[in-house]
Amino acid sequence: MKILAIDVGGTGLKAALIDSKGKLISKRVRVDTPSPCPPKVMVEALLKLVEPFTGYTRIAVGFPGVVRGTKVITAPHFGNDIWAGFDLGGTLSRKLKKPLRMINDAEMQGLAVVKGKGLEVVITLGTGFGSAVFEDGELSAHLEMAHHPIHGKDTYNEYIGDKALKKIGKKKWNHRMKEILPVLHTFFNYDHLYIGGGNAKKLDFKLPPKTSIVSNAAGIEGGAMLWKLKRR
């Protein structure tokens, strides 16, 4: 089985072919995410991105927002007003003539890295802050933690997102991350925390116990596990 896996990010669009175990069987391609990026522009960009790929029978998409089935509920990086209710998955499925499943991008990354033991939490540090929660390997309800205040009126997105990193610099950003990780442990009381996303590699301090950094490629690899879920 060949799956076309697509990872939609606030700054980059990535795609690759993977097998049923999530192993890459093609080169991963990437382009910058258009800005601004209304639905029509996103669809055109993704179709162009995946043109080189053939022979796949299924599609898996990770999207940075709340997803219900193949529809986008929120798209904070692209504009909730114009994205709410848009059937991105259905549109791509019709255009590419293949069955498609779609999920939040942090959840798709989590599907590739969790071990299935106890309460496992995945966070992604990229354009914004993503999160996913798993209990004994089962995906829990999605929580939009990115928009919850963490410091004064600043949300996670505003406090430790990419804009904040560029504004305050790596040293102060790492100081903020040192403050936030214990908060996450108190909030979830997790058995393990996985940190992914493009900015995870910029963490320069010793991580707390039960915490590890995972490859950003997991955002693609999780597409195989998405197709193994009983229902999505």
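This is a predicted model: local features need pLDDT of at least 70, side-chain atom pairs count only at pLDDT 80 or more; totals for chains, interfaces and linings use all residues.
Me: What is the strand order in the open sheet of five strands?
Reply: The order is E3-E2-E1-E4-E7, and the pairing is mixed. Helices (H or I, at least four residues) and strands (E, at least two) are DSSP runs numbered from the N terminus, and two strands pair if DSSP finds at least two bridges between them.

Me: Which strands stand at the edges?
Reply: Strand E3 (29-32) and strand E7 (100-104) do; each has a single partner strand, so one side of each is left without a neighbour in the sheet. From one strand to the next, the twist averages 15°.

Me: How many bridges join E1 to E4?
Reply: Five bridges link E1 (residues 3-8) with E4 (residues 58-63), and the two strands run parallel. Ala-5 has Ala-60 as its bridge partner in E4.

Me: Which strands does H3 lie across?
Reply: Helix H3 (residues 88-96) lies across E1, E4 and E7, at about 150° to E7. Helix H4 (residues 105-113) also lies across E1, E4 and E7, but runs at about 100° to E7. Axes are lines fitted to C-alpha atoms, for helices over the stretch in contact (heavy atoms within 4.5 Å), and angles run from 0 to 180 degrees between N-to-C directions.

Me: At what angle do H4 and H8 pack?
Reply: H4 and helix H8 (residues 218-226) pack at about 75°, with their axes 6 Å apart. They are therefore roughly perpendicular to each other, a label for angles of 65 to 115 degrees (under 35 is roughly parallel, over 145 roughly antiparallel, the rest oblique). Among the residues making the contact are Met-108 and Leu-111 of H4 and Ile-220 and Met-225 of H8. By class, the contact has eight nonpolar, four polar and one charged residues. Ala, Val, Leu, Ile, Met, Phe, Trp, Tyr, Cys and Pro count as nonpolar, Asp, Glu, Lys and Arg as charged, and the others, Gly among them, as polar.

Me: Changing topic, how much space lies in the largest pocket?
Reply: About 720 Å³. A pocket is an open set of points on a 1 Å grid over the protein atoms alone, where a 1.4 Å probe fits, with protein on both sides within 12 Å along at least five of seven lines; lining residues have an atom within 4 Å of a point. Grid points are joined across faces, edges and corners, and the volume is the space filled by probe spheres set on the points.

Me: What lines the largest pocket?
Reply: There are 44 lining residues, with Leu-125, Gly-126, Thr-127, Gly-197 and Gly-198 nearest the centre. They divide into 11 nonpolar, 23 polar and 10 charged. Strand E9 (129-135) gives the most, three residues.

Me: And what is the volume of the second largest pocket?
Reply: About 480 Å³. Of its 19 lining residues, Pro-76, His-77, Thr-127, Gly-128 and Lys-163 are closest to the centre.

Me: Where is the cis peptide bond?
Reply: It joins Ser-35 and Pro-36, with omega about 0°. Pro-36 is in the loop between E3 and helix H1 (39-49).

Terms used: Residues are numbered from 1 along each chain as its sequence is written. Side-chain values use heavy atoms; hydrogens and water are left out.
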